[in-house]
Amino acid sequence: MSLPSLIQMMSQLIATPSISCSQASWDQSNKAVITLLESWLTQLGFRCEVLPIANQKDKFNLIATLGEGTGGLVLSGHTDTVPYDQGRWQSDPFKLTEREQKLYGLGSCDMKGFFAIALDAIKSMADVPFEEPLIILATADEESSMSGARALVEAGLPKARYALIGEPTSLTPIYAHKGIMMERIEVRGKSGHSSNPKLGVNALDTMHTVISDLMQFRQELKNEYSNTDFLIDYPTMNLGCIHGGDNPNRICGHCDLEFDIRTLPGMDDDHLIQAIQTRLANIADQTGTQIEFNRLFPAVPAFATSRNSDIVKACEQLTNKSAQTVAFATEGAFLNQLGMETLVLGPGSIDQAHQPNEFIALDQIEPMQNVIRSLVKRYCLNE
Ligand SMILES: [Zn+2]
């Protein structure tokens, strides 16, 4: 039995729903996608390990390895997609559809298509004995909690010298992006009749102090950190939404604020959070309110690989483009934590990801396959 064609593989992956979402009504298992990849990779001679993710029902990572050794290359992608807008697609999001030199489907560029492209690229190389391992890594929940990548860091797997993540970058090598954290602050005061301020503790008044302090902290971060590789070359904090109180003639008893922070590489996420918590504790003491601080989801760390890394240099040469930074987050920081020099480079454009009529342009496929084959030769065959 031979491997299906590239288009057949892409069609099957896209026809297999694997939405991940923090809203339980959308969230699905990625098991069926993992099983498809496992069957094809087994045919190519890879040893496949399917790893269930603790505390995540029916979510799995796949590590498929060909060859042995301590060096080698990981080709990495995520198996999940975002949800889709029903009725806003011109064709069925789960049916790969070709129109005007483009392949449409949910996950075509972000990023099930990458697996089909990668497997098709390496199928003719798989029977040559490798000097160093080639590992295909397929993760769960990249679009939601990144629990798949986090579980890999916990497990210390996989190990290789270099990694390429095939997220859609229009074939531009990406060596860094900012990190993201999203936080929630809840101020609890005491409600009462507005005619006498002594009857309560006003949470809105306290939130005013909290916001002033956060804006002060934001300025301190901006003064302290800068990295001109990024378009916005300082860490940002956005106060995103606020809810509180109910009536003008009642002392406001509760007020909640949500905000995000986008960190630069080199910033210590835990340190940052501790600094905020200390500031909030001081405000709570001064105002006699209770202030709770919660993370909306675990932080995605900033990602940076040295521009002098061999994989960065090699991919700059292969694509004839200099390496850049992007404004979206990937699993890159987690793979770097595993000790791999990681680059993000893939077919298709992020402009088409996460929206109706997602597509991958046909002319992205062959150049990507050339990059993949060259990297496999360089890092697994030592050519
Ligand atoms: Zn993606």
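1. Let me start with polar contacts between the two domains. Between domain 1 and domain 2 there are four residue pairs in polar contact, with both residues at pLDDT 80 or more. A polar contact here is a pair of N or O atoms within 3.5 Å; within protein, one must be able to donate a hydrogen and the other to accept it, and residues adjacent in sequence count only if both atoms are side-chain atoms. Salt bridges across this interface number zero, where a salt bridge is a side-chain nitrogen of Lys or Arg within 4 Å of a carboxyl oxygen of Asp or Glu.

2. A word on provenance, for reading the values below. This is a predicted model, in which local features need pLDDT of at least 70 and side-chain atom pairs count only at pLDDT 80 or more, while totals for chains, interfaces and linings use all residues. Residues are numbered from 1 along each chain as its sequence is written, and side-chain values use heavy atoms, with hydrogens and water left out.

3. Now the domains themselves. Domain 1 covers 6–177 + 302–379, and domain 2 covers 179–300; these bounds come from an automatic or database domain assignment. Their C-alpha centres are 36 Å apart. Domain 1 brings 14 residues to the contact and domain 2 brings 11 residues, contact meaning heavy atoms within 4.5 Å.

4. How much area is buried between domain 1 and domain 2? The figure is about 880 Å², and carbon and sulfur atoms give 63% of that area. Buried area is the accessible area (1.4 Å probe) that two parts lose on being put together, summed over both. On the domain 1 side, Arg150, Ala302 and Thr325 supply 47% of the area buried against domain 2, more than any other three residues.

5. Strand 8 (174–177), strand 13 (303–304) and strand 14 (324–326) are the elements that give two or more residues to the side of domain 1 touching domain 2. Strand 8 gives the most, with three residues. Helices (H or I, at least four residues) and strands (E, at least two) are DSSP runs, numbered from the N terminus. By type, the residues on this side of domain 1 are 10 nonpolar, three polar and one charged.

6. Over the whole structure, the search finds 18 salt bridges. One of them joins glutamate 183 and arginine 295, whose closest N and O atoms are 3.5 Å apart. Glutamate 183 sits in strand 9 (residues 179–188) and arginine 295 in strand 12 (residues 290–300), so this pair ties together parts that are 112 residues apart in sequence. Glutamate 183 is buried, at 0% relative accessibility, whereas arginine 295 is partly exposed at 33%. The classes are buried under 20% relative accessible area, exposed over 50% and partly exposed in between (1.4 Å probe, protein chains only).

7. Arginine 184 and glutamate 258 also form a salt bridge, with the closest N and O atoms 2.6 Å apart. This pair links distant parts of the chain, as arginine 184 lies in strand 9 and glutamate 258 in strand 11 (residues 254–263), 74 residues apart. Arginine 184 is partly exposed, at 22% relative accessibility, and glutamate 258 is partly exposed with a value of 22%. Both belong to a network of salt bridges linking Arg184, Glu186, Arg188, Asp256 and Glu258.

8. Another salt bridge brings together the side chains of aspartate 120 and lysine 123 (3.0 Å, N to O). Is aspartate 120 buried or exposed? Aspartate 120 counts as buried, at 15% relative accessibility, while lysine 123 counts as partly exposed at 37%.

9. Two cis peptide bonds deserve a glance. Aspartate 110 and methionine 111 are joined by one, with omega about -15°, and methionine 111 is in the loop between strand 5 (102–104) and helix 3 (112–122). Leucine 157 and proline 158 are joined by a cis peptide bond with omega about -10°; proline 158 is in the loop between helix 4 (147–155) and strand 7 (162–165).

10. Finally, backbone phi. Asparagine 55, not a glycine, has a positive phi of about 65°; this asparagine is in the loop between strand 1 (47–52) and strand 2 (60–66) and is exposed, at 81% relative accessible area. Leucine 171, also not a glycine, has a positive phi of about 65°. Leucine 171 lies in the loop between strand 7 and strand 8 and is buried, with a relative accessible area of 10%.

Technical notes. Nonpolar A, V, L, I, M, F, W, Y, C, P; charged D, E, K, R; others polar.
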